[in-house]
Amino acid sequence: MVTLAEVARHAGVSASTVSYVLSGKRSISAATRQRVEQSIRELGYHPNAGARALAGKRSNIIALMIPLRTDMYVPVMMEIAIAVATTARTHGYDVLLLTGEEGPDAVRRVTGSGLADAMILMDVELEDERLPLLRGTDQPCVLIGLPADTTGLTCVDLDWNATGALCVEHLARLGHRDVAVIGEAPAVYERHTGFAERTLDGLRTRARERGLRLLHRPCEGGYDAMALTLARILDERPGTTGFVVQNESAVEPLLALLRQQGRAVPEDVSVVAICPDQVAVQASVRLTSAAIPAQEMGRQAVEHLVAKLDGRGGDEVVLLAPELTVRTSTGPAPAAS
């Protein structure tokens, strides 16, 4: 590992001069600064993060809090995380990944240690326990998600209300009147996770506006859980002709069960999914879907965070407009027999 003293010898200056160039605490001539910076680049010197923190300098680290729960679709979470990491590197930041379910304790650990300059939080709940701590610290923070109260916060998210409304509107225009929503695992709603609650609100609101009957059933995902959920739906609403699925692990089991029951897609029933495009196009029936812009969410979160770090950004809520791609899983509602 290259040391500060080696940089000083290479640049022909004292170690204190190199330190001043790094800290900015003393005026250094442009020629000397340029020579020191050139030596840093050539030698590949990286200042120690702990030493920079003690000196009051930035660590150039962003903490990303992303609890990896078994009831969440991890590939989407990791796609967002990768977008955060790659965008952060373009601005000279590394990412510290915190995957535990620590809640407020993780926020205290990051703000108290000085290890990270800023934070990005994911898996945001409507009444998130981490928010009072965030509002009480000067450390910049961005949420990928939307709590019930966004006062004093910067949030980036898909407009989930509009996403739910878009799915119902598509089925309504095709003539469907009985629609079932196959949702996330029950624990996701029990935590009042923002994206799930807001999607459901958008679904219900547009269904009322369009005169549709809407039935929502959470589902753990997987074949057995989906079989029980589908049986329950068809027992309660045998006339169901439209499905909205917001649960990636339930998509293929649902399609398989419909085939086993002799229900053709889209001739007998239509299926709309809220999922990544990759899931939609690789399903056994190419799914009409509202995409999850994971990469854009991660990218925008970092851009807004860097603006805050540079003193250019204020608190704001950024909602990405949903897009629905029509494929072969939706069609006109079948005529009543």
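The side chains of Thr 330 and Thr 288 are joined by a polar contact of 2.8 Å, a polar contact being a pair of N or O atoms within 3.5 Å, of which, within protein, one must be able to donate a hydrogen and the other to accept it, while residues adjacent in sequence count only if both atoms are side-chain atoms. A polar contact of 3.0 Å links the side chain of Thr 330 to that of His 170. The model is predicted, with local features requiring pLDDT of at least 70 and side-chain atom pairs counted only at pLDDT 80 or more, whereas totals for chains, interfaces and linings use all residues. Residues are numbered from 1 along each chain as its sequence is written, and side-chain values use heavy atoms, with hydrogens and water left out.

Thr 330 counts as buried because its relative accessibility is 10%, buried meaning under 20% relative accessible area, exposed over 50% and partly exposed in between (1.4 Å probe, protein chains only). Beyond its neighbours within four places in sequence, Thr 330 is in contact (heavy atoms within 4.5 Å) with residues including Leu 171, Pro 266 and Val 272.

The largest nonpolar core comprises 48 residues, and those with the most contacts inside it are Ile 80, Ile 120, Ile 144 and Val 244; such a core is a set of buried Ala, Val, Leu, Ile, Met, Phe, Trp, Tyr and Cys residues joined through side-chain atoms within 4.5 Å. Apart from this core lies another, of 26 residues, among them Ala 180, Leu 215, Val 245 and Leu 255. Leaving out residues up to four places away in sequence, Val 244 touches Leu 171 and Val 272, among others.
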